[in-house]
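Visitor: Could you walk me through how to read the interior of a protein model?
Guide: Gladly; let us look at it together.

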Amino acid sequence: MLFLLHLHQLSPQGKRQRSSGEMEECEPTKFPAFPYEPYSIQIDFMKALYRSLNKGGVSMLESPTGTGKTLSIICSALQWLVDRKQQLKSEANQTQTPGGGTGSDDEPDWMKNFVANKDPAVEDKMKKKLRFGKEKPDKGRNQGSCRNLLSPNLIEEGIHEKKDSENMGQINGVELNDEEFLVEEYESEEEEGVGVGKSKRKAGGVSINSSSDEEEEDDNEEDGEGLKIYFCSRTHSQLSQFVKELRKTIFGNEMKVVCLGSRKISCINEEVLKLGNSTRINERCLELQQNKKKEVSKLKNLGSEGRIRRTKASSGCPMLRNHKLQKQFRSEISQQGALDIEDLVHLGRRMGTCPYYGSRSIIPAADLVVLPYQSLLSKSSRESLGLNLKNNIVIIDEAHNLADSLISMYDAKITSLQLEHVHSHIKQYLQRFRNFLGPGNRRYIQTLLVVARAFLQILLNGKDTSLVDPGHDAEKAFGAKSASDSSMAINDFLFSLNIDNINLVKLLHYIKESNIIHKVSGYGDKVANLQKGSALNDGGESNEEGSTLSGFRAFVDMLQSLTNNDGDGKIIISRAKQACSGQQGGYLKYVMLTGEKIFSEIVDQAHAVILAGGTLQPIEETRERLFPRLTSDQFHFFSCSHIIPPESILPVALSHGPSGQSFDFSYSSRSSSIMIEELGLLLCNLVTVVPEGIVVFFSSFDYEGQVHDAWKASGILERIMKKKCVFREPRKNTDVEFVLKEYKEAIDKSSDRNQKEDPVPQNGAILLAVVGGKISEGINFSDGMGRCIVMVGLPYPSPSDIELLERVKYIEGLGVSISSRSTKFSVGNEYYSGDVQVGFDILRSCKHRGKEYYENLCMKAVNQSIGRAIRHINDYAAILLVDARYASDPLKRSFSHPTNKLPQWIKDRLVPVTGKYGEAQRLLHQFFKFNKKRGCQ
């Protein structure tokens, strides 16, 4: 930490101690941790970030891709952290005066709270530790033999006393011990209100943190919680890139850094990993943690003499049984500096201990926590990880689609197949244990059965009246039409099923307290496997939709979503329908529409929230959807230009093709043979003038496939392949890396041959990609990988997407009263999937925010795709926007014109070619000739 002290002394804050008010006014003139000589725009960006951290609130900072944004964030934010920690330390020393003064009254509230809240946090941990200590002897005294575990408690709770033999069932002659699946007696006093229900005999809540919880607390208490920065991004690869950049600075070795990943990425237990599916891996991991208590009980009851001295709890996972290895793992991380997720997994494998829980245990002591979107933005994930945002810093990178990403985390979905399994398992469980259940359990389990039946009934469109009779409201809501998709508000949905009288909050509390879904799914899985004559597999009953437990979790998520405010979201009812690929099952889905309340939980806790990205504009939509009530002094925006010179980029808006045909890739025209052929002729011309790699972006996989097949049939594809190899983006994300490797190798081979001046038939390669696919979002096409980016048309989202239309309608109504909002649209709630015309009618009825949102979705996708090129100051590329709508007369353009939503550094250099195509071919020839000469100098 000596360097960090020196770093603080080099910064302006290190010259003399300033008050907090003074600190807000000042900012560094230099950032000594920056490993290179920074460009002026990088200094501007770092100053803007530092200033935003001083002021607090929410800031949006935009820096084009390829301008060193990540490194600028690291050097500015961590410099601020060093300065602020030094200031807090100095102020803490000043407050420790003999008179017991509390420091200057000029201090901002958040700083006072930070210092004041430090000790109570440690105190809470101590109380928790003491509480655990008191509970242990009681658990020991209550342990009986495994065979008699259930009976004494059943007598105490007033449930029918049965001998062990009577608790046995038989299936196909095989004895089935049901004791472990019987839910504990549950009491809920109606007069005491919600939240008082509880099990009489608590099974000892199982911590999911790790098997060494007690020891971890001892270690972490010494460090305590300090001021920290949370940095999150969308993908694990982006987080790894962040850590790679961090290592280039002195902060990589001097700061306490921890990188968090998902269980699927971090798990090293081969038995769990082979389950493959993320959901099943998560479930199995948690299952193993819950098994640790049972295993301890068995160990303690071995032998007739009875008592074995308990030392430490043992986890069900072999990778968590050795406490010393977990402690050694934490020590290794602190010694090795910043490690990315792959490094942590490698270290965990080498040591034979779990990197997932090992890295989580370091969070309290860390200065910088690097983690995925989901872990920070989801409230349940934050609580599970124990993340404390209070007065800390949150930096969200790649924030261009933050609103939709955040809101989608709170969606809930359950399929008809999952509902059938949930319904049958609850029914089966109730039949088996009815005589052993107390009134509380029986009432709640019957309620769960009623709700599951109601959900199933609405997907069957009222055809199966034996399930439940929803009454005339359902008939009125859905009619006799064979609608495949429809949407409803929460209250309408509950009323139509006659379940509006059910207290869902109490029901969810019961599910949480009783552990009922584990009991029911566990019993159902055991019965099913015995019926099949097979041993119980690790993941429980499995089908194409996942395990039984995942079906129950989806059911609970759906119930949880129904407790939201009526206007916060919509229920999508999608019934089974016939498709090209066969029968598609139905589903219920809750679509969250508002993100303001969710995001405010983060903003209200953190001192500062930074939204960073390469293409954040237009920012109005993000602001309106996530933080509309922030005042001007609480919100800051900064944008910088690109580092490349004007001659390194050639953006061209192309209105006509080589044969003079006007380009129109609107929904109604893009599939015409004339348009597809004209696009093919354009590519035939481009391969003769563009060196190395060309990336062509289409609006969807279906359209890309249609164009590819048409070119293949007409011979255009063969003409293109005489000059360049052709590669296609695969639908499966797992196959993308292989295709990119082949694409790069083809370009490298042609570059090597060109340097040797060998005559080659092929010069580089073409990659056909899709907007919104993996290639458009997270892949960098620097240098020869992306000498030309071709954007085909305006990639508007499909108007047949009912979820999209619900979002558009909601956003259109922002700021409008609910009564007037409901009459605004001529199209009702009932909507038929696939009817594009109805979707267009809704979009045409939008005049303001909804229309703007729909256009912004399109242009954000365009900006992300064309931003894949130009990754450093010496890079160069051409960008072709192929559609007449891009190339209209600049003087006649409205505010909502597509090119007005392009990044400023592209918009300033855009060349509209509205005449003959030959002009564009000439510009391209000159551009690549000039940059080739410049590169040789």
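**Buried cysteines, cores and cavities**

Guide: C846 is buried, at a relative accessible area of 3%, where buried means under 20%, exposed over 50% and partly exposed in between, with a 1.4 Å probe and protein chains only. This is a predicted model, in which local features need pLDDT of at least 70 and side-chain atom pairs count only at pLDDT 80 or more, while totals for chains, interfaces and linings use all residues. Residues are numbered from 1 along each chain as its sequence is written, and side-chain values use heavy atoms, with hydrogens and water left out.

Visitor: Is C684 buried or exposed?
Guide: C684 is buried because its relative accessible area is 11%.

Visitor: How many disulfides are there?
Guide: A disulfide is a pair of cysteine sulfur atoms within 2.5 Å. By this rule the count is zero.

Visitor: Which residues have the most contacts inside the largest nonpolar core?
Guide: A nonpolar core is a set of buried Ala, Val, Leu, Ile, Met, Phe, Trp, Tyr and Cys residues joined through side-chain atoms within 4.5 Å. Here the largest has 184 residues, and I396, F455, F493 and F599 have the most contacts inside it. Helix 21, residues 439-459, gives the largest share of this core, eleven residues; helices are DSSP runs of H or I with at least four residues, numbered from the N terminus.

Visitor: What does F455 touch?
Guide: Contact means heavy atoms within 4.5 Å. Leaving out residues up to four places away in sequence, F455 touches L419, F493, L497, I499, F555, M558, L559, L562 and L588. A second, separate core has 41 residues, including L679, V687, Y703 and Y876.

Visitor: How many cavities of 30 Å³ or more are found?
Guide: On a 1 Å grid over the protein atoms alone, a cavity is a set of points where a 1.4 Å probe fits but cannot get out, and lining residues have an atom within 4 Å of a point. Points are joined across faces, edges and corners, and a volume is the space filled by probe spheres set on them. The search of the whole structure finds twelve.

Visitor: What is the volume of the largest cavity?
Guide: About 120 Å³. Of its 15 lining residues, C267, N269, C285, C317 and C354 are the closest to its centre. Helix 13 (278-300) and helix 16 (355-360) are the elements giving two or more residues to the lining, and helix 13 has the largest share, four residues.

How values were computed: 1 Å grid on protein atoms, 1.4 Å probe; cavity = no way out; pocket = protein on both sides within 12 Å on 5 of 7 lines; lining within 4 Å.
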